[in-house]
Amino acid sequence: MKSNYPSKKETTNKHIIEKAAELFNRKGYAGTSISDIMKATHMEKGGIYGHFSSKKEIALAAFEYNARYIFRSFDVTSFTDKTATQKLHILFRHIKKMYDEPILSSGCPLLNTAIEADDTDTELLSMVKKYVDKLKKIICEIVKSGIKNKEIPSDVNPEEFAETCIEMIEGGNFMAKVYNDKTYRKKAIARIENIINSELVR
């Protein structure tokens, strides 16, 4: 009978990924060495490579961990008693609150990874795009449902609104990183909420 508890290998994998996720988000792929991961995990090199074949494999798993952490409670569609604009407010307030959590103290892993990967690492960049597209789809579907239910004006373009929101969020993340000031993230969310209240409410 299969145990409900994780195996030792699964537990160790999770430990390595969790420690590496913070390192890669803070120091970047190039700036994080295997020695850094060894120090953070309190493991020897052979032990780490017994679970992952390369630093690249750890980086991909660490990015996936960070991205899933961001999206862990984005299922606002489950709030069936909420209007579309209320769902949007829930979503963006969650994003604002999320950036106060220690694991994301070094900023948005999507932005950090996209900047470093650029055109030099198509695999990492492809993973970033997957999650940006996922966020865009979540926002679009909420807006489309609002238009369908006559809660949001029909002249609102869901794709353009979603892209504007993501641009503002990541712009706030960029400014927060440059000036080491988290208030830029909160200002970006506040502007998005103002747009919702002024342009999306019938």
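**Aromatic cluster.** I started with the rings and found Phe63, Phe71 and Tyr131 in one aromatic cluster. The model is predicted, and I read it as such. I counted four aromatic pairs. One of them joins phenylalanine 63 and tyrosine 131 edge-to-face, with 6.2 Å centre to centre and 75 degrees between the planes. This pair links distant parts of the chain: phenylalanine 63 sits in helix α4, tyrosine 131 in helix α7 (residues 122-148), 68 residues apart. I then looked up burial for both. Phenylalanine 63 has 4% relative accessibility, so I noted it as buried. Tyrosine 131 is also at 4% and counts as buried.

I counted twelve salt bridges. I looked up glutamate 123 and lysine 56, whose side chains meet at 3.5 Å, N to O. Glutamate 123 is in helix α7 and lysine 56 in helix α4, so the bridge ties together parts 67 residues apart in sequence. How exposed is glutamate 123? I read 44% relative accessibility, which makes it partly exposed. Lysine 56 is partly exposed too, with a relative accessible area of 23%.

Next I took glutamate 193, which lies in helix α9 (residues 183-199). Leaving out residues up to four places away in sequence, I found that glutamate 193 touches His89, Arg93 and Lys96. With arginine 93 the contact includes a salt bridge of 3.0 Å, N to O. That pair links distant parts of the chain, glutamate 193 in helix α9 and arginine 93 in helix α5, 100 residues apart. Are the two partners buried or partly exposed? Glutamate 193, at 10% relative accessibility, counts as buried. Arginine 93 is partly exposed, with a relative accessible area of 48%.

Aspartate 100 is partly exposed at 42% relative accessible area. Lysine 186 is partly exposed at 39% relative accessibility. Shared partners came next: salt bridges join Lys56, Asp121 and Glu123 into one network.

**Lysine 87.** I found this residue in helix α5 (residues 84-98). Buried means under 20% relative accessible area. Lysine 87 has 13% relative accessibility, so it counts as buried. I took its C-alpha to C-alpha separation from phenylalanine 74: 10.0 Å in space, 13 residues in sequence.

**Helix α2.** Which residues of α2 (residues 34-41) are buried? I listed Ile34, Asp36, Ile37 and Thr41. Seen down the axis of α2, they fall within an arc of 155 degrees, so they line one face of the helix. Their cover includes α1 (8-31), α3 (45-49) and α4 (55-71). Just after α2, I noted that histidine 42 takes a positive phi of about 60 degrees.

**Nonpolar patch.** Last, I turned to the surface. Ile115, Phe174, Val178 and Tyr179 form a nonpolar patch there, with about 430 Å² of accessible area together. Which helix gives the largest share? It is α8 (residues 158-179), with three residues. I looked up valine 178, which lies in helix α8. Its relative accessibility is 49%, so valine 178 counts as partly exposed.

Technical notes:
Residues numbered from 1 in each chain as written. Predicted model: local features only at pLDDT ≥ 70, side-chain atom pairs only at ≥ 80, totals over all residues. Heavy atoms only, no water. Buried < 20%, exposed > 50% of the residue type's maximum accessible area, 1.4 Å probe, protein only. Helix = DSSP H or I, 4+ residues; strand = E, 2+ residues; numbered from the N terminus. Arc of directions from axis to C-beta. Contact = heavy atoms within 4.5 Å. Patch = residues over 30% accessible without salt bridge, like charges linked within 9 Å, V, L, I, M, F, W, Y side chains within 5 Å. Areas by Shrake-Rupley, 256 points an atom, 1.4 Å probe, with all protein chains shown as cover. Salt bridge = Lys/Arg side-chain N within 4 Å of Asp/Glu carboxyl O. Phe/Tyr/Trp six-rings, centres within 6.5 Å; stacked < 30°, edge-to-face > 60°.
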